[in-house]
Amino acid sequence: GSGGATSGASSAVSSLSPGGAVSPSPSRYESQKRRDWNTFGQYLRNHRPPLSLARCSGAHVLEFLRYLDQFGKTKVHAAGCPFFGHPVPPAPCPCPLRQAWGSLDALVGRLRAAYEENGGRPENNPFGARAVRLYLREVREHQSRARGVSYDKKKRRKPPHPPGSADIPSHEGNSNGHHHLL
């Protein structure tokens, strides 16, 4: 007997909120998302030639992200700068300010959600475009090198066991995970 019955029970349940039930104070995420969406809408309106949302591609999203760099507050050193790789530069330098990778990453996430909430089709979502993902990865790698900051996902590392104590389960719930790597 071949029991190869794979149940495809991954039914996507879409929780539709009833229309008109708007909570009086939207969460910070929601209000930030609305602000970001408005900013992007403004960018499209000011675009030459004007851009409609439907014609918006990943390339336009990249343009938008680069446009936002002028408002950035993160110093990103050029490769020739003496402070290249310094998280905290000891003196001012002429290197440009940029949007921090983390902000761009979060921004793209919010806009990606907002795009679909505002009637965009998921398969056309420019914020989910491969070019955008690659750009973000590039920015992250560049900034981590330039600023000497590693952007690895902060995994909860278990403290290494001293040799010989591996068979004793330790139940210490007080390790605060503040490991400063120098």
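Rings of Phe, Tyr and Trp (its six-membered ring) pair if their centres lie within 6.5 Å, with planes under 30 degrees apart called stacked, over 60 edge-to-face and the rest tilted. By that rule this predicted model has 9 aromatic pairs.

**View 1. The whole chain, for orientation.** The protein chain has 4 helices and 2 strands, in the order α-α-β-β-α-α along the sequence. Helices (H or I, at least four residues) and strands (E, at least two) are DSSP runs, numbered from the N terminus. Of its 182 residues, 27% are buried, where buried means under 20% relative accessible area, exposed over 50% and partly exposed in between (1.4 Å probe, protein chains only). Take the contacts (heavy atoms within 4.5 Å) between residues at least 6 apart in sequence: 61% of them join residues at least 24 apart. Residues are numbered from 1 along each chain as its sequence is written, and side-chain values use heavy atoms, with hydrogens and water left out. Since this is a prediction, local features need pLDDT of at least 70 and side-chain atom pairs count only at pLDDT 80 or more, while totals for chains, interfaces and linings use all residues.

View 2. Phe40 comes from helix 1 and Phe64 from helix 2, 24 residues apart, so to speak a link between distant parts of the chain. Both are buried: Phe40 has a relative accessible area of 1%, and Phe64 has 0%.

**View 3. Tyr43 and Tyr67, another pair across helices 1 and 2.** Here the ring centres are 5.2 Å apart and the planes sit at 35°, so this pair is tilted. Tyr43 belongs to helix 1 and Tyr67 to helix 2, so the pair ties together parts 24 residues apart in sequence. Tyr43 counts as buried at 11% relative accessibility, whereas Tyr67 is partly exposed at 34%.

**View 4. The largest nonpolar core.** A nonpolar core is a set of buried Ala, Val, Leu, Ile, Met, Phe, Trp, Tyr and Cys residues joined through side-chain atoms within 4.5 Å. The largest one has 24 residues, and Phe40, Phe64, Leu65 and Phe127 have the most contacts inside it. Helix 1 (28–46), helix 2, helix 3 and helix 4 each supply at least two of its residues, with helix 3 giving the most, 7 residues. Leaving aside residues up to four places away in sequence, Leu65 touches Leu104, Leu107, Val108 and Tyr135.

**View 5. Helix 4 and its buried face.** The buried residues of helix 4 are Val132, Tyr135, Leu136, Val139, Gln143, Ala146 and Arg147. Down the helix axis they fall within an arc of 105°, so they line one face; the arc is that of the directions from the axis to the C-beta atoms. Their cover includes helix 2 (58–68), strand 1 (74–75), strand 2 (97–98) and helix 3 (101–117). On the other side, Arg130 and Glu138 are exposed.

**View 6. Gln143 up close.** Gln143 is found in helix 4 (residues 130–147) and is buried, at 3% relative accessible area. Not counting residues up to four places away in sequence, Gln143 touches Thr74, Val76, Arg98, Gln99, Ala100, Trp101, Gly148 and Tyr151. Gly148 follows helix 4 and has a positive phi, near 65°.
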